[in-house]
Amino acid sequence: MSILVNLIGLALIAAIVWWFWLYQPKASAQSKSGAVAITVDDGVYSPSRVSVKPNEPVVLRFLRKDPSPCAAMVIFDDLDISEELPVGKPKEISLKVDKPGTYAFTCQMKMYRGELVVENE
Ligand SMILES: [Cu+2]
């Protein structure tokens, strides 16, 4: 019985160490299946950096959790895309960019900021 308790204790310690020291939230994402989920909350897009390859169709699935009007729109200035984001309902934006480069996406006030990086690997 005490061995079991020790094992549970060890597992707990391992979990705590992993959570506090080893776990780092991903700040950037790479499109693999062609779709990238982006959460809109607390003034940040997460991930705020999305890498795609040129000419590769990609779907950005924005999930807006922030009900404030600040988060209402997402705008890709260079790509002429501007879409309204409903609260709590995913909004998919499909795009395909030919030219490598960094394309910013922001809310209408430019407080939320993210970038779409189009690059060859
Ligand atoms: Cu805003």
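Reader: How many bridges join β2 to β5, and do they run parallel or antiparallel?
Author: In this predicted model, 6 bridges join β2 to β5, and the two strands run parallel. Strands here are DSSP runs of E with at least two residues, helices are runs of H or I with at least four residues, and both are numbered from the N terminus. Two strands count as paired if DSSP finds at least two bridges between them.

Reader: Before we go on, what should I know about the model and its numbering?
Author: Residues are numbered from 1 along each chain as its sequence is written, and side-chain values use heavy atoms, with hydrogens and water left out. Because this is a predicted model, local features need pLDDT of at least 70 and side-chain atom pairs count only at pLDDT 80 or more, while totals for chains, interfaces and linings use all residues.

Reader: Which residue of β5 is the bridge partner of A35?
Author: A35 has V59 as its bridge partner in β5. Also in β5, R64 is the bridge partner of V40.

Reader: And which residue of β3 is the partner of V40?
Author: In β3, V40 is partnered by Y45. β2 and β3 are joined by 3 bridges and run antiparallel.

Reader: Changing topic: what is the phi of D42, and where is D42 found?
Author: D42 has a positive phi near 55° and is a residue other than glycine. D42 lies in the loop between β2 (35-41) and β3, in a hairpin with 2 residues between the strands. At 69% relative accessibility, D42 is exposed.

Reader: Where is N55, and what is its phi?
Author: N55 has a positive phi near 65°, and its place is the loop between β4 and β5 (58-64). N55 counts as partly exposed, at 46% relative accessibility.

Reader: Which residues does the cis peptide bond join?
Author: The cis bond joins S46 and P47, with omega about -5°. P47 lies in the loop between β3 (44-46) and β4 (49-52).
Reader: Why point these features out?
Author: Because most residues other than glycine have a negative phi, and most peptide bonds are trans.

Reader: On to the metal. Which atoms coordinate the copper ion?
Author: The copper ion is coordinated by C70 (O), C70 (SG) and C107 (SG), at 2.1 to 2.7 Å. C70 is in the loop between β5 and β6 (73-76) and C107 is in the loop between β9 (101-106) and β10 (113-118), so the pair ties together parts that are 37 residues apart in sequence. Donors are N, O and S atoms within 2.8 Å of the metal (3.2 Å for Na, K and Ca); water is not among the atoms, so sites may look incomplete.

Reader: Are those cysteines buried or exposed?
Author: C70 is buried, with a relative accessible area of 12%. C107 is buried too, at 1%.
Reader: How many disulfides are there?
Author: The count comes to 0 disulfides, where a disulfide is a pair of cysteine sulfur atoms within 2.5 Å.

Reader: What is T106 in contact with?
Author: Leaving aside neighbours within four places in sequence, T106 is in contact with Y45, M73, V74, I75, Y112 and R113. Contact means heavy atoms within 4.5 Å. T106 is in strand β9 and is buried, with a relative accessible area of 7%.

Reader: Finally, how many helices and strands does the protein chain have?
Author: The chain has 1 helix and 10 strands, and from the N terminus on the order is α-β-β-β-β-β-β-β-β-β-β. Of its 121 residues, 31% count as buried.

How values were computed:
Buried < 20%, exposed > 50% of the residue type's maximum accessible area, 1.4 Å probe, protein only.
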